[in-house]
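Visitor: Hello! Could you help me learn to read this model, one feature at a time?
Guide: Gladly.

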Amino acid sequence: AAEYGMDPALIKAVVWRESRFNPKARGSAGKIGLMQLREIAAREWAEANGVRGFQNEHLLNPHTNLLAGTWYLKKWRDRSPHPDDPLPFALAAYNAGPTKAREWARSDNSTGNFINRIDYPSTKEYVLTILQRQVEFQKGFDKKPTK
């Protein structure tokens, strides 16, 4: 998270939702690892970051998976048409793909309306659940260690 300027609680929430912290998780459509990445997203990360010899199986390495997944989520956060609250768009793009996220965002720049326009129930639930978990996990990150 720190490498790409993302909130660690957000990344933890995505990992929780995607794989329940199982680095060997394999999902539908070839999704792999902690953040359940597809090969096309991972290859984008590898190319953008000069990673040579990337193989899809490298996504089973937790470090590689977290780097690629965080980079991909950041990419869509940075491209969100909602600069005041870009995470719902980024999470929708991560879950349902950028084409659908752009479609839902096309006619309105309000984040609240964006979430309401998501017409895939599973994606709407995905976005809302991760945002809620992010808040819960943030409490753990905010705690100061006791002596």
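Visitor: In which helix is the place of Asn-95?
Guide: Asn-95 sits in helix H4, which covers residues 87-96. Helices here are DSSP runs (H or I, at least four residues), numbered from the N terminus. Keep in mind that this is a predicted model, where local features need pLDDT of at least 70, side-chain atom pairs count only at pLDDT 80 or more, and totals for chains, interfaces and linings use all residues. Residues are numbered from 1 along each chain as its sequence is written, and side-chain values use heavy atoms, leaving out hydrogens and water.

Visitor: What is Asn-95 in contact with, leaving aside its neighbours within four places in sequence?
Guide: Contact means heavy atoms within 4.5 Å. With those neighbours set aside, Asn-95 touches Thr-123 and Tyr-126.

Visitor: How does Asn-95 count by relative accessibility?
Guide: Buried means under 20% relative accessible area, exposed over 50%, and partly exposed in between (1.4 Å probe, protein chains only). Asn-95 counts as partly exposed because its relative accessibility is 22%.

Visitor: What is the phi of Ala-29?
Guide: Ala-29, not a glycine, has a positive phi of about 55°. Ala-29 is in the loop between H1 and H2, and its 59% relative accessibility makes it exposed.

Terms used: Helices (H or I, at least four residues) and strands (E, at least two) are DSSP runs, numbered from the N terminus.
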